[in-house]
Amino acid sequence: MSTPPHDDEVFDCYTEAGKIAARVLRRGAGMIRPGVSLLEVVESVEQMAIDAGAGLAFPLNLSLNEDAAHDTASIRDERLFAEGDVAKLDLGVHLEGYIADTAITVDLGDHALLVEASARALEAAIALVRPGVSIGELGGAIQREIESRGFRPIANLTGHGLARYAIHTPPNIPNLSFQGGAVLEEGMVFAIEPFASTGSGRVSDMPRVEIFQQVSIKPVRLPAARRILGVVRERRGMPFARRWIPEERQDFALSTLIQQGLVRAYPVLADVPGSIVSQHEHTLIVTDEGCIVTTA
Ligand code: CO
């Protein structure tokens, strides 16, 4: 075991990862136009983060229209952006395991008010962040900004705490008002991610699965499964994309790993067909009298 870095080094990793994520996400968003390939955008964004010296905390999520989260390009993805698409780009990078998680929505249609709803919801929640505020109050601000524009916040997606090499730790930050819940403390690191929808305000699992995560360590016999774990080991439990792992007997190997409890699947999460979802996300660190937004 190496010794954990000192607090100021941790702070520097978080803020530097945030700067990289913000810059790369903006450049990625600028690539999205009708006719451009999703695979090209995903691979370019991931490469930009790596070239900047960061690791990927999870595969770039690129989710279209009613898909809210957990889609990414597959290895031979032929999809192209089309006029009218609403694309969510959700990027997670890390330095030494300290994560910056940030998302933006690119509107190729006429959904400016929807995009504004998630953007303003994020701003309103961030404006409240300081020690002593409850996460239910953050949810209330998010819900108000989204509903006042005529949309629904997605109830079963939340922001989340961040820890070293861990992208989802307590507390969850709801997109709805509720009483009580965790109270913010100085030094907490978390991501706020409002989702606004024209649909039902709930997402469910789709058949498409491109993102996975190793959740336990056990020996496996199947050679194709061992090859996958060989690639995934260096992820330290952070999610990986199907397109990052060997293709040979891939479906069989993945389902074996899932059955044996070594790997978890993250299906694409979608609201009802024909609906549109927008998302904005920042990572922040609670300070004595407010917060620092690392991904601004
Ligand atoms: Co997040």
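**View 1. Charged groups of the predicted chain.** The mean positions of the 27 positive and 39 negative charges of the chain are separated by 7 Å. Lys and Arg count as positive, Asp and Glu as negative, while His and the chain ends are not counted; each charge is placed at NZ of Lys, CZ of Arg, CG of Asp or CD of Glu. The model is predicted: local features need pLDDT of at least 70 and side-chain atom pairs pLDDT 80 or more, whereas totals for chains, interfaces and linings use all residues. Residues are numbered from 1 along each chain as its sequence is written, and side-chain values use heavy atoms, without hydrogens and water.

**View 2. The fold as a whole.** The chain holds six helices and 15 strands (DSSP runs numbered from the N terminus; helices are H or I with at least four residues, strands E with at least two). Its C-alpha trace spans about 55 × 50 × 35 Å along the principal axes. Of the 296 residues, 56% are buried, that is, under 20% relative accessible area with a 1.4 Å probe, counting protein chains only.

View 3. Strand β3 (residues 86-95) pairs with β4 in the antiparallel sense over ten bridges; two strands pair if DSSP finds at least two bridges between them. Val93 has Ala100 in β4 as its bridge partner. Two residues lie between the strands of this hairpin, where Glu96 takes a positive phi near 55°.

**View 4. Burial of strand β4.** Strand β4 covers residues 98-107, and eight of its ten residues are buried. In a regular strand, side chains alternate between the two faces of the sheet.

Conventions. Buried means under 20% relative accessible area, exposed over 50%, partly exposed in between (1.4 Å probe, protein chains only).
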